[in-house]
Amino acid sequence: MYYSGKRRGEDGIAAVIDFLLSNARLVLGVGGAVVLGIATLAVKRLIERAGRPPDEKPDKKMTDSWEELSLVSASPKLLHKSIEGVVMKQIAAATKKAELSQPIPLPSPEPQRCNADPPQRRKRMDLCVMTFVDRLQQYYRTRVCLSGEEVSVAQQRVLDIATEIQAFLHSKHPGMPLGDMTLAGSLLDNLQVVKADHACLIVPLQLESSLWTPIAGEDTFLGHPQYCMVRRENLEYFPRGRSYWDRHLLAGYLSSRLVSEQLGKTVMESMNWPSLTGTLECEVRPVLGSPELKLEIQGLTQSSYDSGERFYITVLPTVRLGEMTLMAQPEITGSFDYIWYQSLYTSETARLAELDKADSGVRRKCLKTLKAVCCNCPSLRKLNASHLSNVILHMSENETDWTESAFADRFLQAITELIGYLETGILPSYFKSNVNLFQGFTEDDIDELGFMLYCAVTEPEILLI
């Protein structure tokens, strides 16, 4: 490693540090790896600075040295004394080496002053002057929000496709009791960020309330609070065949798999998609081989057609019984053929809107910014809208200041709250406290998310790149 580092023009110690840092997380966990990462970064910067030509002023180098030391002081509370001692000794040694390696600076003639700085330099200076609040607001305006025209075009295309699908279903299966297909999800609720690239179509199944009963996940052998079953009732008085959906029974329960298969064969395999493409002036085709009922659209707009971007529509068979909204989502429920997934998205979105309306708050704005950050940062993409919405809802229980001036503070607070939930490995749902939204995360997932968020506590600007 030493000789290979020399061939690349680097110090051998840098290669050793890189090797130790890459394996630190296996031994020290999230907090220890973050601390070691920040500390070794400081050591490497000081060692690299020692070998640079003397082209900087001594005051600037002393300032940089203190900046390196501040990285360690701003590290999390999980810093162990043994790690702290080793790190501080190495930083002190590296600082001494950096100071001794510098020759005595010679006085240089005062440069001539120019009346006006070059445009590029002036632009860089303006960016440096911007505070984090200004950068966050700029990020929200330029990277988060979608234009009204983009959202309107996407919504209209989805509604046109929904009209065509519903007309085809009525002609193909006139006896199938279905409600009107509706647009749902972030595109409808003005919560979609970065770009308009997906939407959901709800296909409501009309079930007789006297013949079907929802069974909560806690009352089943699965024990999952968001997994539900729909049981057929009163078979002795109303035998099979009384309800249209009796043909999708499996062991006395309505099968989400059988319902999805029928809709898939009817919609995905039987519709004349080339004809629909000519009618809607955009290319529409089903995504085959996916567990979901999904459509792919190319050419939503002329610019998206030229760039090759795709727009996806997910068709969700939905059952509403009482206050429960159940969806057929095999990508979540897995191999359980008769399990339905209880979605809390509508309740979470409605609660956020209600709270913002009551105090003119920025909860939804904070949510959209966090969604865009997680979408643009590969290390944070496992955090979805449900995780972020519930964090903000939990914060609203104790935090009352959601004014526009507190936008940056609430954004940073949400990051801190996420770190706390990751340390425990539990993020309870706001509406169902026995639901752990981090249940599907592995230890590596939590380590990766925690490492990135820990770094963002010290340097939040890295999230806005």
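Which helices each supply at least two residues of the lining of the second largest pocket? Let's start there and then visit two other places in this predicted model.

## The second largest pocket

The helices in question are α8, covering residues 256-268, and α11, covering residues 330-333. Helix α8 gives the largest share of the lining, with seven residues. The pocket itself has a volume of about 340 Å³. Its lining is made of 23 residues, and those closest to the centre are Ser-260, Glu-261, Ser-290, Pro-291 and Leu-293.

## Helix α7

Next, look for helix α7, which runs over residues 148-172. Its 25 residues should span 36 Å at 1.5 Å a residue, and the C-alpha atoms at its ends are 36 Å apart, so the two values agree.

Several residues of α7 are buried. You can pick out Val-151, Ala-154, Val-158, Ile-161, Ala-162, Ile-165, Phe-168 and Leu-169 among them. Arg-157 and Gln-166 are buried in α7 as well.

Our last stop is Asn-390, which sits in helix α14, residues 385-398. Is Asn-390 buried or exposed? Its relative accessible area is 0%, and because buried means under 20%, Asn-390 counts as buried.

Which residues does Asn-390 touch, leaving aside those up to four places away in sequence? They are Glu-348, Pro-428, Ser-429, Tyr-430 and Leu-437.

Note on methods:
Residues are numbered from 1 along each chain as its sequence is written. This is a predicted model: local features need pLDDT of at least 70, side-chain atom pairs count only at pLDDT 80 or more; totals for chains, interfaces and linings use all residues. Side-chain values use heavy atoms; hydrogens and water are left out. On a 1 Å grid over the protein atoms alone, a cavity is a set of points where a 1.4 Å probe fits but cannot get out, and a pocket is an open set with protein on both sides within 12 Å along at least five of seven lines; lining residues have an atom within 4 Å of a point. Grid points are joined across faces, edges and corners, and a volume is the space filled by probe spheres set on the points. Helices (H or I, at least four residues) and strands (E, at least two) are DSSP runs, numbered from the N terminus. Buried means under 20% relative accessible area, exposed over 50%, partly exposed in between (1.4 Å probe, protein chains only). Contact means heavy atoms within 4.5 Å. The expected span of a helix is 1.5 Å times one less than its number of residues.
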